[in-house]
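The entries below follow the order in which I looked things up.

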Amino acid sequence: MALLDEGARGVYIISATPFTDDGAVDWASTDRLMDYYVESGVDGVTILGVLGEAPKLSAEESEQFVARVAKRLAARGTPIVVGVSNPGLKLLGDFARRSMDLGAAGVMVSPVAGLRTDEQIYGYVESVVKELGSDIPVVLQDFPQLTSVVMSATLLNRLFADFPSLKMLKHEEAPGLRKLSKVRAAEKSGARSRRISILVGNGGIHLMQELLRGADGAMTGFAFPEMLVGVCRKFFAGDVDGAEDLYDAYLPVVRHEAQLGFGLALRKETLRRRGIIASARTRAPGPSLDADDHAELTHLLRRLERAVARAGAPAPKIAAE
């Protein structure tokens, strides 16, 4: 499998981690989910991210999950990125190296909470890069809504200029459109010579604007990855209006799933209804849907079917509740 590089583009879907109703990792559902992602046309799969409930897995389960997914996707030529963030640098490094040995194309790292100044953040990223060495490609996750670590465009440009093993920025600050433009402007002006890959998160809630600002695609979770794929393909083919029309059909569901913390339960329930995973279970402490939540989701999915039909797009597979 080729390693991740600055040319990464398209949709790297953030995968859920399927569990059985009793909370065990569901390996059969994991296989179906990976097959579904590939069939949806994704360019890569990112596992053990925030939406993958990584902190709720044991070290053994995490390694088993990486091994299972890597084996399933290797034959399809679909690269995987593994979230390896950990407060302990040695633990982070050991898991990153093991993930690469198992077939990962790269790893994703988010700064530890509590870093405040540019120099503190720079020092942390520098220590991560030294721990991993120059051969492991790194996705730097910028998600201050979760970590409270704010990385300015100036700092990001400095980090990507100084550390060649940083290949991709996972841009998730919101609001963050101006930051994205500043990062791209630094490349155009020659202030930073290396163009990096930028994939965006936040459930795709700002995807169209981010693409227009210079993003290379999305690295996020959504229960209908075929929409993310379709939007990116239309956009990069020059059909911006077509991309936006397709996106607009799904926007109410995108917005609903974008609820911080609760969106994962909605996504898993939608995947369950679509017959892709067997259970919508999240590990405790985790959200679950009540009767009103289920009714709300049913209403939105019914409206989605009509909206997609009006847009003339392929009908999404949605099972009955």
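Against which helices do the buried residues of α11 pack? I worked from a predicted model, in which local features need pLDDT of at least 70 and side-chain atom pairs count only at pLDDT 80 or more, while totals for chains, interfaces and linings use all residues. Residues are numbered from 1 along each chain as its sequence is written, and side-chain values use heavy atoms, with hydrogens and water left out.

**Entry 1, helix α11.** I found that the buried residues of α11 pack against α1, α10 (240-257) and α12 (291-311). For burial I used relative accessible area, with buried under 20%, exposed over 50% and partly exposed in between (1.4 Å probe, protein chains only). Helices (H or I, at least four residues) and strands (E, at least two) are DSSP runs, numbered from the N terminus. I noted that 10 of the 11 residues of α11 are buried, so this helix is largely enclosed by the rest of the structure. Among the buried ones I listed Gly263, Leu264, Leu266, Lys268, Glu269 and Arg273. After α11 I came to Gly275, whose phi is positive, near 80 degrees.

In one of them, the side chains of Glu53 and Lys268 meet at 2.8 Å, N to O. This pair links distant parts of the chain, since Glu53 sits in the loop between β2 (44-47) and α2 and Lys268 in helix α11 (residues 263-273), 215 residues apart. Both partners are enclosed: Glu53 is buried with a relative accessible area of 3%, and Lys268 is buried with 0%. I also recorded for Glu53 a phi near 55 degrees, a positive value in a residue other than glycine.

Being 3 residues apart in helix α11, Arg272 and Glu269 are separated by about one helical turn. Arg272 is partly exposed, with a relative accessible area of 27%, whereas Glu269 counts as buried at 4%.

I then followed salt bridges that share partners, and they join Asp31, Asp35, Arg68, Arg72 and Arg76 into one network. Inside it, Arg72 forms a salt bridge with Asp35, the closest N and O atoms being 2.7 Å apart. Arg72 lies in helix α2 (residues 59-74) and Asp35 in helix α1 (residues 27-39), so the pair ties together parts that are 37 residues apart in sequence. Arg72 is partly exposed, with a relative accessible area of 33%, while Asp35 is buried, with 18%.

In helix α6 (residues 153-162) I read the buried residues as Ala153, Leu155, Leu156, Asn157, Leu159 and Phe160. What covers them includes α4 (118-132), β5 (138-142), β6 (166-171) and α7 (177-189). In the loop between α5 (144-147) and α6 I marked Ser148, whose phi is near 65 degrees, a positive value in a residue other than glycine. Ser148 counts as partly exposed at 45% relative accessibility.

I ended with the overall figures, beginning with a secondary structure of 12 helices and 8 strands. The radius of gyration is 19 Å, close to the 20 Å that the globule rule gives for 321 residues, so the chain is as compact as a globular protein of that length; the radius is taken over C-alpha atoms, and the rule is 2.2 Å times the number of residues to the power 0.38. Along its principal axes the C-alpha trace spans about 50 × 45 × 35 Å. Of the 321 residues, 56% count as buried.

Note on methods:
Contact means heavy atoms within 4.5 Å. A salt bridge is a side-chain nitrogen of Lys or Arg within 4 Å of a carboxyl oxygen of Asp or Glu.
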